[in-house]
Amino acid sequence: MRKIVAVLVLSSLSLLAFDNEKIYKECSMCHGKNGDKTALNSSPQLSSLSEEELTVKLKRILDGTSEISKKYLSLHKMKLKSVSEDDVAGFASHIHNLK
């Protein structure tokens, strides 16, 4: 019985896991499949940023303190609405490792 419960718990956790690829697919429309596009002719290529820089930028977008214009800030916040603070580092790592 304990094994069944453990399997069910682990299975449900995997369903709740954050899907980096699914979220980045939204970003890739402007930033490119590998983060190599300059979105709207104003943002740096994500592929040129370190994992630490990406983490800081994502956190600033989520908390509303990003230096990007308000118009684009609201767009980014909308696309990143499913990214929790706990997911930010993993998502930054995913973007950093795109090739």
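Helix α2 goes past helix α5 in a right-handed crossing, where right-handed means that the near helix is turned clockwise from the far one by less than a right angle, and left-handed means anticlockwise. This is a predicted model, so local features need pLDDT of at least 70 and side-chain atom pairs count only at pLDDT 80 or more, while totals for chains, interfaces and linings use all residues. Residues are numbered from 1 along each chain as its sequence is written, and side-chain values use heavy atoms, with hydrogens and water left out.

**The overall layout**

- The protein has five helices and zero strands; helices (H or I, at least four residues) and strands (E, at least two) are DSSP runs, numbered from the N terminus.
- Read from the N terminus, the elements go α-α-α-α-α.
- Of the protein's 99 residues, 27% count as buried. Buried means under 20% relative accessible area, exposed means over 50%, and partly exposed is in between, using a 1.4 Å probe and protein chains only.
- Take the contacts with a separation of 6 or more: 52% of them are between residues 24 or more positions apart. A contact here means heavy atoms within 4.5 Å.

**Where α2 meets α5**

- Two packed helices are described by the angle between their axes and the distance between the axes.
- For α2 (residues 20-31) and α5 (residues 88-96), the axes come within 10 Å and cross at roughly 65 degrees. Axes are lines fitted to C-alpha atoms, for helices over the stretch in contact, and angles run from 0 to 180 degrees between N-to-C directions.
- On the α2 side, the contact is made by Asn 20, Glu 21, Ile 23, Tyr 24 and Cys 27, and on the α5 side by Gly 90, Phe 91, His 94 and Ile 95.
- Sorted by class, that contact has five nonpolar, three polar and one charged residues. Ala, Val, Leu, Ile, Met, Phe, Trp, Tyr, Cys and Pro count as nonpolar, Asp, Glu, Lys and Arg as charged, and the others, Gly among them, as polar.

**The nonpolar core**

- The largest nonpolar core has 16 residues, and Tyr 24, Leu 46, Leu 54, Leu 58, Leu 80, Phe 91 and Ile 95 touch the most other members. A nonpolar core is a set of buried Ala, Val, Leu, Ile, Met, Phe, Trp, Tyr and Cys residues joined through side-chain atoms within 4.5 Å.
- Helices α2, α3 and α5 are the elements that give two or more residues to this core.
- The largest share, four residues, comes from α5.
- Not counting residues up to four places away in sequence, Leu 80 touches Ile 23, Cys 27, Leu 58, Ile 61, Leu 62 and Phe 91.

**The loop between α2 and α3**

- Ser 43 sits in the loop between α2 and α3 (51-63), and counts as buried because its relative accessibility is 19%.
- A polar atom of the Ser 43 side chain lies 3.1 Å from the backbone nitrogen of Ala 39. A polar contact is a pair of N or O atoms within 3.5 Å; within protein, one must be able to donate a hydrogen and the other to accept it, and residues adjacent in sequence count only if both atoms are side-chain atoms.
- Neighbours within four places in sequence aside, Ser 43 is in contact with His 31 and Thr 38.
- Leu 40 is found in this loop too. Leu 40 isn't a glycine, yet has a positive phi of about 55 degrees, and is partly exposed at a relative accessible area of 46%.
- Asn 41, also in the loop between α2 and α3, has a positive phi near 55 degrees and is a residue other than glycine. Asn 41 counts as exposed because its relative accessibility is 75%.

**Around α3 and α4**

- Ser 66 belongs to the loop between α3 and α4, and counts as buried at 14% relative accessibility.
- The Ser 66 side chain reaches the backbone nitrogen of Ile 68 at 3.3 Å.
- Leaving out residues up to four places away in sequence, Ser 66 touches Arg 60, Ile 61 and Leu 73.
- Val 56 is in helix α3, and is partly exposed, with a relative accessible area of 35%. Val 56 and Ala 89 are 33 residues apart in sequence and 9.1 Å apart in space, C-alpha to C-alpha.
- Lys 81 lies in the loop between α4 (70-79) and α5, and counts as exposed at 70% relative accessibility. Lys 81 and Leu 62 are 19 residues apart along the chain, and their C-alpha atoms are separated by 8.0 Å.
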